[in-house]
Amino acid sequence: LSHDEKERAARFVRDEDRLHFIAARSILRNILSRYCGCDPKEIQFAYNTKGKPSLRNDQSQLQIHFNLSHSKDIALYALSKIEPIGIDIE
């Protein structure tokens with residue numbers, strides 16, 4: 001995880017929530033690295049004003065949109081090469 005992701009994980013009060021965040025972000029990095037053709041550690045995120053992450057523009061030759069939703073032991077990932085995508089676990 002990046003420095004800012006580690007800081008965010010450290011703010012979780014419950015260990016279980018912290019571990020779920022770390023696992024979900026680690027898996028996201030692995031998935032995105034396969035599309036970008038780079039090491040997961042090299043993935044760099046940009047954030048919009050609401051905190052939604054996206055890949056930095058120079059991260060990939062492809063424009064990849066993604067979304068992650070997680071709740072307890074479930075994580076859902078969606079990727080699109082066409083347009084932004086949203087998902088939510090309820």
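Hi everyone. Let me start with a definition: two rings of Phe, Tyr or Trp (its six-membered ring) count as a pair if their centres lie within 6.5 Å. Planes under 30 degrees apart are called stacked, those over 60 edge-to-face, and the rest tilted. What I'm showing you is a predicted model, and by that definition it holds 3 aromatic pairs.

Let's take Phe-12 and Phe-21 to begin with. Their ring centres sit 5.5 Å apart and the planes make an angle of 40 degrees, so this pair is tilted, falling between the 30 and 60 degree limits.

Next come Phe-45 and Tyr-47. This pair is tilted too, with 6.4 Å centre to centre and 50 degrees between the planes. At 6.4 Å, the pair qualifies because the centres are within the 6.5 Å limit. Phe-45 is buried, with a relative accessible area of 11%. Tyr-47, at 34%, is partly exposed.

Which residues do ring pairs link into a cluster? They are Phe-45, Tyr-47 and Phe-66.

Among the residues lining it are Phe-21, Arg-25 and Phe-66, along with Arg-8, Leu-28, Lys-52 and Pro-53. So where does the lining come from, in terms of secondary structure? Two elements, α2 and β3 (65-71), each give two or more residues. The biggest contributor is β3, with 5 residues.

Staying with helix α2, which spans residues 15-36, I'd like to point out His-20, which is found in it. The His-20 side chain makes a polar contact with the side chain of Asp-73, at 2.9 Å. Leaving aside residues up to four places away in sequence, His-20 touches Lys-72 and Asp-73.

Now over to strand β4, where we find Ser-80. Is Ser-80 buried or exposed? With a relative accessible area of 13%, Ser-80 is buried, because the cut-off for that label is under 20%. A polar atom of the Ser-80 side chain lies 3.1 Å from the backbone nitrogen of Ile-82. Setting aside residues up to four places away in sequence, Ser-80 also touches Gln-63, Ile-64, His-65 and Ile-85.

My last stop is Ile-87, in the segment after β4 (74-80). Its relative accessibility is 23%, so Ile-87 counts as partly exposed. Which residues does Ile-87 touch, not counting those up to four places away in sequence? The list is Asn-67, Leu-68, Ser-69, Leu-76, Tyr-77 and Ala-78. Asn-67, Leu-68 and Ser-69 also belong to the lining of the second largest pocket. As for Cys-36, 51 residues away along the chain, its C-alpha atom is separated from that of Ile-87 by 21 Å.

To wrap up, here are the items I'd like you to look at on screen. Another is the second largest pocket, to which β3 gives the most lining residues. And do have a look at the polar contact between the side chains of His-20 and Asp-73.

Key:
Residues numbered from 1 in each chain as written. Predicted model: local features only at pLDDT ≥ 70, side-chain atom pairs only at ≥ 80, totals over all residues. Heavy atoms only, no water. Buried < 20%, exposed > 50% of the residue type's maximum accessible area, 1.4 Å probe, protein only. Helix = DSSP H or I, 4+ residues; strand = E, 2+ residues; numbered from the N terminus. Polar contact = N/O pair within 3.5 Å; in protein donor to acceptor, adjacent residues only side chain to side chain. Contact = heavy atoms within 4.5 Å. 1 Å grid on protein atoms, 1.4 Å probe; cavity = no way out; pocket = protein on both sides within 12 Å on 5 of 7 lines; lining within 4 Å.
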